[in-house]
Amino acid sequence: MTIIHERRGGRTGTGTSTGEPAAAEAVFLDATLALLEPLAVAPGQIVVDVGPGAGTSTVALARAVGETGRVYAVDLDPAMLELTIEAARAAGVSDRVRAVLHDLEDGAPPLPEPADVVWSSWCVHHAHDWDAAVRSLTRLLRPGGVLGIAEGGLPTRCLPWDIGIGRPGLEIRLDEAHDQQFTRWFFDRPAAVRPRRAWTTILADAGLLDVTASTALVDLPAPLPTETRRVVLDEFAARVRRAAPYLDDTDAAVWQRLLDPHDEHWLGTRDDLALLSARTAFRGRTPA
């Protein structure tokens with residue numbers, strides 16, 4: 001596998017929510033595959049995966065393009081590209097994958113050929129200007145090519161409304177605190193541009209046609225398998241760390257107990273921990 005270096009200084013990659021992104025992606029694999037299906041990736045096509053994470057989508061796309069196709073995995077974080085390389089190698093598809101080190105804030109990556117499909121999952125919302133980022137991705141496409149981006153959906157729910165400790169509605173308040181954290185992070189950047197519009201409008205204004213959306217449901221009822229439970233606990237820990245400045249003292253103390261394996265209220269011992277979420281992808285095509 002070739003790594004094409006096109007990064008020009010600056011920004012450090014933010015990485016993922018947890019220390020084991022591959023495990024987290026495995027839990028959401030069915031949803032990822034469901035969102036990729038409408039892209040109709042075919043053998044021999046050229047595909048770009050922007051922000052590939054641990055490589056789950058890159059591997060799926062590489063299998064879809066077959067031996068005669070290519071997938072360019074683009075990320076600004078070398079560590080994530082290494083994970084993608086490892087995943088492609090383990091799946092036996094590394095010969096059709098090219099890793100590209102590039103920051104989308106610098107514009108479209110300078111790839112050597114136009115793409116039939118561009119895919120980006122939970123990446124574009126990190127850009128300073130969502131409209132500019134979508135226009136950059138659109139420029140990678142050949143006439144009639146398809147852009148798909150996974151962004152948004154519905155908040156994840158894992159806990160009952162009342163868990164028997166603290167005030168009811170704890171998970172809802174964590175969502176509110178996390179939203180405040182993201183809003184502060186987004187607008188604290190001097191170059192940030194307020195989006196103001198829905199993703200469908202952003203794609204349409206980039207010149208894409210037949211813009212539409214699809215949503216994949218993730219519904220894993222209690223009791224969760226051990227590996228899924230571990231992912232849920234890791235995700236909770238990451239969200240609590242980010243949202244900590246916006247949690248009141250009472251909720252912060254409750255979360256500390258819930259995430260402490262030595263506490264009697266540790267979430268790891270609950271038999272009613274579930275995983276319910278919805279993930280949405282938006283797509284459109286360039287004029288033929």
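Tyrosine 72 sits in strand S3, which spans residues 70-75; helices (H or I, at least four residues) and strands (E, at least two) are DSSP runs numbered from the N terminus. This is a predicted model, in which local features need pLDDT of at least 70 and side-chain atom pairs count only at pLDDT 80 or more, while totals for chains, interfaces and linings use all residues. Residues are numbered from 1 along each chain as its sequence is written, and side-chain values use heavy atoms, with hydrogens and water left out.

**Around tyrosine 72**

- Tyrosine 72 has a relative accessible area of 4%, so it is buried (buried means under 20% relative accessible area, exposed over 50%, partly exposed in between, with a 1.4 Å probe and protein chains only).
- The side chains of tyrosine 72 and glutamate 113 are joined by a polar contact of 2.6 Å (a pair of N or O atoms within 3.5 Å; within protein, one must be able to donate a hydrogen and the other to accept it, and residues adjacent in sequence count only if both atoms are side-chain atoms).

**Positive phi values**

- Tryptophan 122, in the loop between strand S5 (115-121) and helix H5 (130-138), has a positive phi near 55 degrees.
- Tryptophan 122 counts as partly exposed because its relative accessibility is 33%.
- Aspartate 210 belongs to strand S7 and has a positive phi near 50 degrees.
- With 54% relative accessibility, aspartate 210 counts as exposed.

**A cis peptide bond**

- Alanine 222 and proline 223 are linked by a cis peptide bond, with omega about -5 degrees.
- Proline 223 is found in the loop between strand S7 (209-220) and helix H8 (226-243).
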